[in-house]
Amino acid sequence: LYLRMDKPMDALLAVRNAIAFDSKGSQSSHALIADNLEILANLTQAKAVPNADGLEFESGAKYQGKVRDNKPDDIGQITRPNGSYYLGSFVNGVMHGKGKIVTHGGYTYEGDFTNGIARGKGTITYPKDSFFQTYEGDVKYGLPSGIGTRLSKNGRYLGEFSLSEAHGKGDYVTTVGNKNLQGQWRYGRYIWPEENGVIFGGGISPSGKRDGDGFCRSTTTPVTLSACLYKDGVR
């Protein structure tokens with residue numbers, strides 16, 4: 001909610017908690033934006049002491065590059081104690097312009113930054129063992145948001161996103177058999193065409209069939225809505 005309201009520092013504590021309770025930890029879907037917000041907090045809220053290379057922050061983060069008025073300026077790099085870093089342009093002490101964030105968990109974002117936030121156009125490379133592989137397109141808070149293309153182990157999605165979820169109109173092509181599915185997505189779920197009086201909102205198998213947890217809405221009267229499960233096309 002804080003991200004949707006564009007309140008980055010208010011979102012930081014919630015993101016820290018999301019990471020803490022995620023079994024994947026540093027490779028969770030929050031890892032990239034977490035590092036972005038932690039770096040921004042260092043730059044805007046932590047005390048900085050000049051050194052021979054640039055600046056050192058009370059958190060242990062270090063900045064190497066040009067400095068003006070005790071703030072990062074022009075091109076430089078800030079590195080957190082965990083090894084994650086931002087390399088790129090700084091304006092008035094924060095990331096602004098073109099740059100790159102590399103997290104210790106294996107995420108990489110390269111593209112636009114606005115007032116300290118990964119926002120604009122960019123490319124995301126996911127950790128080696130992730131389901132998703134790459135994303136290219138519109139980005140907000142280091143998350144796919146807008147129009148873009150995302151590759152996964154099962155296929156390629158080109159369409160609309162909302163804070164990392166496929167949401168809106170999209171075109172999906174499966175890796176197995178190159179089956180093409182076009183239509184609407186709602187928060188990561190494909191809205192399948194009606195079949196046997198039921199509309200399924202859920203996943204897509206590698207071969208392009210209804211798959212996974214989702215919801216089923218009847219097209220008969222009275223309309224019913226319930227949780228349901230498909231496995232490779234079979235309910």
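**Exercise 1. Is Asp35 buried or exposed?**

Solution. Start with the accessible area: for Asp35 the relative value is 4%. The cut-off for buried is under 20%, so Asp35 counts as buried. Keep in mind that we're working on a predicted model here.

Asp35 sits in helix α2, which covers residues 31–45.

Skipping the neighbours within four places in sequence, Asp35 touches Arg80, Asn82, Ser84, Thr103 and His104.

**Exercise 2. With which residue does Asp35 form a salt bridge, and what parts does the pair tie together?**

Now the partner: Asp35 forms a salt bridge with Arg80, and their closest N and O atoms are 2.6 Å apart. Asp35 belongs to helix α2 and Arg80 to the loop between β4 and β5 (85–91), so the pair ties together parts 45 residues apart in sequence. Arg80 is buried too, at 18% relative accessible area.

**Exercise 3. How many salt bridges does the structure hold? Work through the pairs Asp6 and Arg119, then Asp112 and Lys98.**

Solution. The count is 8 salt bridges.

Take Asp6 and Arg119: their side chains meet at 3.1 Å, N to O. Asp6 is in the segment before α1 and Arg119 is in strand β8 (residues 117–125), so this pair ties together parts that are 113 residues apart in sequence. Asp6 is partly exposed at 38% relative accessibility, and Arg119 is partly exposed at 23%.

Move on to Asp112 and Lys98, whose closest N and O atoms are 2.5 Å apart. Here Asp112 lies in strand β7 (residues 108–114) and Lys98 in strand β6 (residues 94–102), 14 residues apart. Asp112 counts as buried at 17% relative accessibility, whereas Lys98 counts as exposed at 57%.

**Exercise 4. Which residues are closest to the centre of the largest pocket, and which element gives the most to its lining?**

Solution. Begin with the volume: the largest pocket takes up about 750 Å³. It is lined by 36 residues, and the closest to its centre are Phe131, Phe132, Arg150, Ser152 and Gly188.

Then sort the lining by element. Those giving two or more residues include β10 (143–152), β11 (155–162) and β12 (165–174). The biggest share comes from β10, with 5 residues.

**Exercise 5. Where do Asp69, Leu163 and Pro222 lie, and what is the backbone doing there?**

Solution. Here's the background: most residues other than glycine have a negative phi, and most peptide bonds are trans.

- Asp69 has a positive phi, near 55 degrees. Its place is the loop between β3 (62–68) and β4 (71–79), and Asp69 is exposed at 69% relative accessible area.
- Leu163 also isn't a glycine, yet its phi is positive at about 45 degrees. Leu163 is in the loop between β11 and β12 and counts as buried, at 17% relative accessibility.
- Pro222 is in the loop between β16 and β17 (225–230). The peptide bond leading from Thr221 to Pro222 is cis, with omega near -5 degrees.

**Exercise 6. Which residues form a nonpolar patch on the surface?**

Solution. Look at Leu1, Tyr2 and Met5: together they have about 370 Å² of accessible area. Leu1 is in the segment before α1 (8–20), and with 81% relative accessible area, Leu1 is exposed.

Note on methods: Residues numbered from 1 in each chain as written. Predicted model: local features only at pLDDT ≥ 70, side-chain atom pairs only at ≥ 80, totals over all residues. Heavy atoms only, no water. Helix = DSSP H or I, 4+ residues; strand = E, 2+ residues; numbered from the N terminus. Contact = heavy atoms within 4.5 Å. Patch = residues over 30% accessible without salt bridge, like charges linked within 9 Å, V, L, I, M, F, W, Y side chains within 5 Å. Areas by Shrake-Rupley, 256 points an atom, 1.4 Å probe, with all protein chains shown as cover. Salt bridge = Lys/Arg side-chain N within 4 Å of Asp/Glu carboxyl O. Buried < 20%, exposed > 50% of the residue type's maximum accessible area, 1.4 Å probe, protein only. 1 Å grid on protein atoms, 1.4 Å probe; cavity = no way out; pocket = protein on both sides within 12 Å on 5 of 7 lines; lining within 4 Å. Points joined across faces, edges and corners; volume = space filled by probe spheres on them.
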